[in-house]
Amino acid sequence: IIRKVRGGTKAFIVSVGSGDGSSARSGRRKMVGRSGDGSGGLWRLADELNPPEVGCRAMEAECIRRFHRHEPKENQCSSCVLKHIKAPVQLVWSLVRRFDQPQRYKPFVSRCIVQGDFAVGCLREVNIKSGLPATTSTERLEQLDDNEHILSIKIVGGDHRLQVFCSCHLRLLPTDSFRSWNYSSVITAHPEMIDGGAGTLVIESFVVDVPDGNTKDDTCFFVEALIKCNLKSLAVVSERLAHQDLAAEPMAL
Ligand code: A8S
């Protein structure tokens with residue numbers, strides 16, 4: 001499943017689950033194969049932007065292996081979204097690391113308040129824009145590594161009303177039956193060259209409980225869609241800032 005990928009702002013997804021294969025939509029994936037890690041897990045490459053023959057380079061596979069190892073339990077699914085951004089890693093990381101300001105690039109966040117000091121272990125209360133099956137989310141900063149560019153969070157509360165969802169529509173619980181959502185994610189940023197310029201490979205992976213009545217496939221699809229929106233927006237904001245930085249630089253004589 002490791003294939004060549006061209007530079008540019010392309011995103012694709014690698015997912016792993018226990019391969020229940022029960023979803024009617026599993027055929028939607030462009031590629032399905034066995035992972036070679038001996039776990040018997042099913043690796044899928046869901047490629048939204050790249051042509052089917054374009055997949056994952058060795059560098060990406062290595063970053064996933066080093067920083068994005070999750071061990072999903074039987075009732076969980078795990079997946080990984082990648083994005084190539086035409087902006088230097090320092091700039092991209094300066095946006096990603098701000099656990100206290102996710103609204104700088106996350107399009108679904110309207111407000112965020114951090115309780116206490118901004119340090120590993122602190123909690124943020126995130127307000128979600130209307131139209132989504134949640135209004136707030138309480139999240140803990142699990143890891144912040146400015147050298148390796150790793151940020152990891154865990155959802156510890158909120159009013160997520162997701163019980164049954166699928167790719168085409170969401171069915172919500174009655175408003176009084178809130179459930180917390182067991183969700184952890186890791187986002188990393190890696191320097192790379194894109195079209196001869198400084199670029200960044202951003203990888204975000206997650207592990208989440210599969211709600212009752214859902215398949216792993218549908219759960220992954222829903223979360224991947226949200227993360228893809230976040231990373232797309234991160235690329236737009238970063239690339240805009242990178243252009244401004246370039247324009248502000250004095251011309252070399
Ligand atoms: C993130 C990633 C995700 C956020 C999800 C998946 C969420 O904030 C949104 C809608 C939901 O229904 C769940 O890092 C939740 O932002 C946008 C509130 C958790």
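N230 makes another, with a polar side-chain atom 3.1 Å from an oxygen atom of the ligand. Before going further, please keep in mind that this is a predicted model.

Now the rest of the shell. The ligand is surrounded by 15 residues. Besides K106 and N230, the closest include I128, A134 and I155. How much of the ligand does the protein bury? The ligand taken alone exposes 450 Å², and 97% of that is buried by the protein. By class, the shell is made up of 10 nonpolar, three polar and two charged residues. Which element gives the largest share of the shell? That is helix α3, residues 216-248, with three residues.

Next, the cysteines. The structure has zero disulfides. C77 is the case to look at: the nearest cysteine sulfur, that of C220, is 3.3 Å away. A disulfide is counted here when the two sulfur atoms are within 2.5 Å, so C77 is in no disulfide. C229, at 33% relative accessibility, counts as partly exposed.

On to helix α1, which covers residues 58-67. Its buried residues are E60, C63, I64 and F67. How do they sit around the axis of α1? Looking down that axis, the buried residues fall within an arc of 100°, so they line one face of the helix.

Last, backbone angles. Most residues other than glycine have a negative phi. Two residues here have a positive value.

H149 has a phi near 60°. H149 sits in the loop between β7, residues 136-145, and β8, residues 150-158. Is H149 buried or exposed? H149 has a relative accessible area of 14%, so it is buried.

D195 has a phi near 50°, again a positive value in a residue other than glycine. Its place is the loop between β11, residues 183-194, and β12, residues 197-209. With a relative accessible area of 63%, D195 is exposed.

Technical notes. Residues are numbered from 1 along each chain as its sequence is written. This is a predicted model: local features need pLDDT of at least 70, side-chain atom pairs count only at pLDDT 80 or more; totals for chains, interfaces and linings use all residues. Side-chain values use heavy atoms; hydrogens and water are left out. A residue is near a molecule or strand if one of its heavy atoms lies within 4 Å of it. A polar contact is a pair of N or O atoms within 3.5 Å; within protein, one must be able to donate a hydrogen and the other to accept it, and residues adjacent in sequence count only if both atoms are side-chain atoms. Accessible areas come from the Shrake-Rupley method with a 1.4 Å probe; for residues, only the protein chains shown count as cover. Helices (H or I, at least four residues) and strands (E, at least two) are DSSP runs, numbered from the N terminus. Ala, Val, Leu, Ile, Met, Phe, Trp, Tyr, Cys and Pro count as nonpolar, Asp, Glu, Lys and Arg as charged, and the others, Gly among them, as polar. Buried means under 20% relative accessible area, exposed over 50%, partly exposed in between (1.4 Å probe, protein chains only). The arc is that of the directions from the helix axis to the C-beta atoms.
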